[in-house]
Amino acid sequence: MRARFLRTVAVAAALCGCAGSQRPRAAGYYRFRCDPPDARVIVDEEDLGACTLWTARSLGLRAGVHRIRVARDGWLPMESEATPAGGVVTVTARLRRVPD
């Protein structure tokens, strides 16, 4: 009876994709502080929302090189590459207005 139950659980886990399909663990975490605060945070060409979302929460990134961009219309963007190395890093982006 117990063996049948365990077999049923294993099959159910395999069918729902739960077995062995865990997310890769983050190699490091990033927080953002931006001026202006409503600038957008873009990582690896994916818009992750306004900077204010990432001031108190940390963004986990997998191992490897990532392209970080902070941008807002009418302002010069900040662009850099980051390689997570453990811990939490705060990225400070002070954008400058586009000259007239």
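Is Cys34 buried or exposed? Cys34 is buried, since its relative accessible area is 15%, which falls under the 20% limit for that class. The model discussed here is a predicted one, and its mean pLDDT is 84.

**Confidence**

- Of the residues in the protein, 77% reach a pLDDT of 70 or more.
- Among the elements, strand β6 (residues 75-76) has the highest mean pLDDT, at 98, whereas helix α1 (residues 2-15) has the lowest, at 48.
- The pLDDT is below 50 over residues 8-21, and this stretch has three contacts in the model beyond near neighbours in sequence.
- Where pLDDT is low, the predicted coordinates should not be read in detail.

**The disulfide**

- One disulfide is found when the whole structure is searched.
- The bond joins Cys34 to Cys51, with an S to S distance of 2.1 Å.
- Cys34 belongs to strand β1 (residues 28-35), while Cys51 sits in the loop between β3 (46-50) and β4 (59-61); the pair therefore ties together parts that are 17 residues apart in sequence.
- The disulfide of Cys34 and Cys51 is right-handed, because the torsion about its S-S bond is about 80°.
- Cys51 also counts as buried, with a relative accessibility of 1%, as Cys34 does at 15%.

- Strands β2 (residues 40-43) and β3 run antiparallel and are joined by three bridges.
- Within this pairing, Ile42 stands opposite Asp47 in β3.
- Two residues separate β2 from β3 in the hairpin, and Asp44 in the turn has a positive phi of about 50°.

- Thr83 is located in the loop that lies between β7 (78-82) and β8 (88-94).
- Which residues does Thr83 contact, leaving aside its neighbours within four places in sequence? The contacts of Thr83 are with Tyr30, Gly64 and Val65.
- Thr83 and Gly28 are 55 residues apart in sequence, and their C-alpha atoms are 8.3 Å apart in space.

How values were computed
Residues are numbered from 1 along each chain as its sequence is written. This is a predicted model: local features need pLDDT of at least 70, side-chain atom pairs count only at pLDDT 80 or more; totals for chains, interfaces and linings use all residues. Side-chain values use heavy atoms; hydrogens and water are left out. A disulfide is a pair of cysteine sulfur atoms within 2.5 Å. Helices (H or I, at least four residues) and strands (E, at least two) are DSSP runs, numbered from the N terminus. Buried means under 20% relative accessible area, exposed over 50%, partly exposed in between (1.4 Å probe, protein chains only). pLDDT is the predictor's confidence in each residue, from 0 to 100. Contact means heavy atoms within 4.5 Å. Two strands pair if DSSP finds at least two bridges between them.
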